[in-house]
Amino acid sequence: MENCRLLLFDLDGTLLCSDKTISKRTLKALQECRKKGILTGVSTSRGEQNVLSFLDELKPDILITSGGALVKYNGRCIYKAMFSKEETRNVIQAAKEKAVLEVCVACGITSEEITAFGDDYADTGMLELCGKGIAMGNAADEVKEKADLVIGSNDEDGIAVYLEEHVL
């Protein structure tokens with residue numbers, strides 16, 4: 001079993017299936033992880049309002065939205081950066097890494113205790129910064145090359161299979 005205290009997920013192409021739902025198997029695996037005291041989180045370029053519909057089912061402890069410009073821990077804002085559209089494009093990668101460090105401080109963990117999952121170029125910084133970076137089977141080749149491990153796709157319950165085999 002891994003020494004993991006936080007599971008951090010991108011949404012589109014990662015935690016969400018192609019039909020924009022979270023599979024029942026993945027939700028069950030995440031609930032089992034939470035019972036073991038492992039925190040769950042979402043890290044996405046989407047704005048907070050855009051992810052609210054997924055939060056009812058998932059109930060993440062950590063919410064990183066707008067590419068790292070807003071970070072919430074248990075519903076409480078712990079970091080907020082206001083950027084213009086141009087500044088956002090220029091600093092989105094740095095903001096995500098800033099965001100991960102804020103989560104570490106708030107949760108009292110190190111980045112080595114985070115397992116992050118992603119599929120897109122915007123996720124590579126998060127995958128490299130965390131203790132274990134996992135690319136989805138449907139990820140871009142460049143993302144797979146940066147990851148520590150490649151698992152099944154978002155439509156093959158890749159996350160659930162990984163959690164069942166390595167965390168639970």
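How many of the 168 residues of the protein count as buried? The answer is 51%, where buried means under 20% relative accessible area, exposed means over 50%, and partly exposed lies in between (1.4 Å probe, protein chains only).

A word on what you are looking at: this is a predicted model, in which local features need pLDDT of at least 70 and side-chain atom pairs count only at pLDDT 80 or more, while totals for chains, interfaces and linings use all residues. Residues are numbered from 1 along each chain as its sequence is written, and side-chain values use heavy atoms, with hydrogens and water left out.

View 1. Helices (H or I, at least four residues) and strands (E, at least two) are DSSP runs, numbered from the N terminus.

**View 2. An open sheet is built from 8 strands.** Read across the sheet, their order is β5-β4-β3-β2-β1-β6-β7-β8, with mixed pairing; two strands pair if DSSP finds at least two bridges between them. β5 (76–80) and β8 (149–150) stand at the edges with a single partner strand each, so one side of each is left without a neighbour in the sheet.

**View 3. Strands β1 and β2 run parallel.** Here 4 bridges join β1 (residues 6–9) to β2 (residues 39–43). Look for L8, whose bridge partner in β2 is G41. Helix α2 (residues 48–58) packs on the sheet, touching β2, β3 (62–65) and β4 (70–73); a contact means heavy atoms within 4.5 Å. The direction of α2 makes about 155° with that of β3, taking axes as lines fitted to C-alpha atoms, for helices over the stretch in contact, and angles from 0 to 180 degrees between N-to-C directions.

**View 4. D12, K20 and R46 are linked in a network of salt bridges.** A salt bridge is a side-chain nitrogen of Lys or Arg within 4 Å of a carboxyl oxygen of Asp or Glu. Between D12 and K20, the closest N and O atoms are 3.0 Å apart. D12 is partly exposed, at 23% relative accessible area, and K20 is partly exposed too, at 42%. R46 counts as buried at 17%, and its salt bridge with D12 spans 2.6 Å, N to O. R46 lies in the loop between β2 and α2 and D12 in the loop between β1 and α1 (24–35), so this pair ties together parts 34 residues apart in sequence.

**View 5. K72 and E48 meet in a salt bridge through their side chains.** The N to O distance is 2.7 Å. K72 sits in strand β4 and E48 in helix α2, so to speak distant parts of the chain, 24 residues apart.
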